[in-house]
Amino acid sequence: MALVAGIDSSTQSCKVVICDADTGAVVRSASSPHPDGTEIDPQQWWTALQSAAAAAGGLDDVAAVSVGAQQHGMVCLDSAGAVVRDALLWNDTRSSAAADALVAELGALQWAKRIGVVPVAAITAAKLRWLADHEPAHADATAAVCLPHDWLTWRLSGSDDIADLRTDRSDASGTGYYSSASDSYQLDLLEMAMRGRRPEVPTVLGPSQAAGSMPTGAVLGPGAGDNAGAALGLGAGPGDCVVSLGTSGVVSAVGDVAPHDPDGIVAGFADATGRQLPLVCTLNGAPVLAAVATMLGVDFDELDRLAMSAQAGAEGLTLIPYFEGERSPNLPEAAGALQGVTTRNLNAANIARAAVEGLLSSMAYCIDRITAHGVEVNRIILVGGGARSEAVRHIAPALWGAPVHVPTPAEYVALGAARQAAWALTQSASPAAWSFGITTTYTADPTPHVLEQYRAAEPLTLGR
């Protein structure tokens with residue numbers, strides 16, 4: 001059987017899975033940690049990839065390899081292909097003021113119309129503006145700019161020529177200078193971000209187009225951003241909405257509509273199959289539940305039991321989960337709050353229920369923002385650490401008004417990369433129909449009064 005490798009170079013670690021190209025069955029796997037921080041020498045990614053690959057039995061026997069990785073990071077290379085400075089990761093916020101400046105210069109409406117993304121600190125364009133303003137010598141030395149997965153694919157190819165850099169639509173669409181709607185770079189926006197400089201950018205490949213080959217002869221897939229990789233790994237198709245409850249909350253939906261949201265809430269990203277992947281991200285995900293469990297002095301199983309024992313709406317108690325501020329809606333200075341407290345409803349069960357309902361109501365806001373742009377949502381897939389919560393799984397369909405499908409936990413970004421590698425190997429019309437285990441479906445009677453209660457409490461929290 002032919003083997004393919006999928007690599008997930010995330011913020012925390014590098015994971016490698018080796019799969020049967022026909023079935024997707026995982027033959028072997030391993031991982032290696034990345035150092036903490038929001039700024040990193042890309043060589044650390046390469047070292048972790050080599051370590052994980054070796055622990056997984058090596059890549060010498062694989063026919064194809066593809067890389068999924070954290071989006072938005074800034075990797076600057078000089079004309080000889082050397083790294084100019086440490087890469088800034090998506091979660092490095094020093095570029096916040098630069099993002100604001102870019103929005104002010106062009107206008108949020110124009111950013112939304114041209115590329116479907118209004119700049120925030122995370123995106124590459126904002127980081128490049130920061131570089132131009134704060135480290136002009138490094139900006140001058142930058143002959144090419146790429147993203148984490150682009151750089152790792154290039155290293156796997158063995159090339160040191162920056163003309164050989166390759167990327168895909170999904171990662172390019174998060175740079176701030178590529179339009180997923182028109183499938184084209186907007187290089188004047190790159191030049192604007194860099195104060196008149198225009199470095200080279202990777203060639204954007206189609207979903208199954210080879211990015212070259214490794215010295216071993218293995219085909220290199222085009223790679224993908226992490227959210228697009230996960231959607232491919234999950235087998236998400238048109239009408240599917242993926243809700244990920246990890247450190248943050250992420251809602252994305254596969255379809256053919258490229259949104260242009262001047263509010264900057266819905267990002268017009270692309271997926272890894274040639275379609276669109278509009279996405280909304282919150283700052284507050286599963287840690288909301290962890291914080292409430294700690295406050296109540298219980299473990300997660302007991303938090304679930306308490307939440308399930310309370311009635312829907314928690315007798316009027318509402319939690320607004322803006323514990324770390326919020327970006328969807330864009331309220332960076334907001335704080336969380338517990339509203340509607342009375343002597344009758346202030347107990348552990350209602351607080352636990354309000355925490356789960358508050359978090360899920362925040363995700364409902366994200367789903368609503370995506371559908372408001374004409375994106376069809378027929379099926380909701382729930383993943384991430386928060387999906388392990390029994391209370392989350394049972395209450396989510398009641399608040400989201402649709403069945404919720406929870407797949408077997410797996411490394412879906414790495415599996416998506418492996419599936420793409422198999423696609424690049426076979427050059428078939430569509431990716432192989434892999435199956436990754438049993439998916440459990442949860443249903444519940446809708447509880448619209450809970451969402452109404454949440455929406456009524458939110459303005460009180462924010463002083464509006």
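Visitor: What does the chain hold in helices and strands?

Guide: The model is a predicted one. The chain has 15 helices and 24 strands.

Visitor: How is the radius of gyration of the chain to be read against the globule rule?

Guide: The idea is to set the value beside what the rule gives for the chain length. Here the radius of gyration is 22 Å, close to the 23 Å from the globule rule for 464 residues, so the chain is as compact as a globular protein of that length. Along the principal axes, its C-alpha atoms fill a box of roughly 70 × 55 × 40 Å.

Visitor: What percentage of the residues count as buried?

Guide: Burial is judged by relative accessible area, with buried meaning under 20%. Of the 464 residues, 57% count as buried. The accessible surface of the chain is about 17200 Å², and carbon and sulfur atoms account for 51% of that surface.

Visitor: Is Ala69 buried or exposed?

Guide: Ala69 lies in strand S5, residues 64-69. Its relative accessibility is 0%, so Ala69 counts as buried. For a contrast in distance, take Leu331 and Ala421, which are 90 residues apart along the chain and have C-alpha atoms separated by 40 Å. Leu331 is in strand S20, and it counts as partly exposed because its relative accessibility is 22%.

Visitor: Which residues have the most contacts inside the largest nonpolar core?

Guide: A core is read as a set of buried nonpolar residues joined through side-chain atoms. The largest one has 48 residues, and those with the most contacts inside it are Val243, Val251, Val356, Leu360, Leu382 and Trp400. Helix H12, residues 348-371, gives the most to this core, with 13 residues. Beyond its neighbours within four places in sequence, Trp400 is in contact with Val243, Leu360, Met363, Ala364, Ile367, Ile380 and Leu382. A second, separate core has 36 residues, including Ile7, Ala53, Val65 and Leu220.

Visitor: How many positive and negative side chains are there?

Guide: Counts and centres are read together. The chain has 26 positive and 48 negative side chains, with the centres of the two sets 3 Å apart.

Visitor: Which residue other than glycine has a positive phi near 50°?

Guide: Most residues other than glycine have a negative phi, and most peptide bonds are trans. Ala314 is the residue with phi near 50°. Ala314 is in the loop between helix H11 (300-309) and strand S18 (318-320), and counts as buried because its relative accessibility is 0%. Arg195, also not a glycine, has a positive phi of about 55°. Arg195 lies in the loop between helix H8 (187-193) and strand S12 (203-205), and is partly exposed, with a relative accessible area of 47%.

Visitor: Where is the peptide bond that is cis?

Guide: Omega is the angle to check. The bond from Ser328 to Pro329 is cis, with omega near 5°. Pro329 lies in the loop between strand S19 (326-327) and strand S20 (330-331).

Technical notes:
Residues are numbered from 1 along each chain as its sequence is written. This is a predicted model: local features need pLDDT of at least 70, side-chain atom pairs count only at pLDDT 80 or more; totals for chains, interfaces and linings use all residues. Side-chain values use heavy atoms; hydrogens and water are left out. Helices (H or I, at least four residues) and strands (E, at least two) are DSSP runs, numbered from the N terminus. The radius of gyration is taken over C-alpha atoms; the globule rule is 2.2 Å times the number of residues to the power 0.38. Buried means under 20% relative accessible area, exposed over 50%, partly exposed in between (1.4 Å probe, protein chains only). Accessible areas come from the Shrake-Rupley method with a 1.4 Å probe; for residues, only the protein chains shown count as cover. Lys and Arg count as positive and Asp and Glu as negative; His and the chain ends are not counted. The place of a charge is taken as NZ of Lys, CZ of Arg, CG of Asp or CD of Glu. A nonpolar core is a set of buried Ala, Val, Leu, Ile, Met, Phe, Trp, Tyr and Cys residues joined through side-chain atoms within 4.5 Å. Contact means heavy atoms within 4.5 Å.
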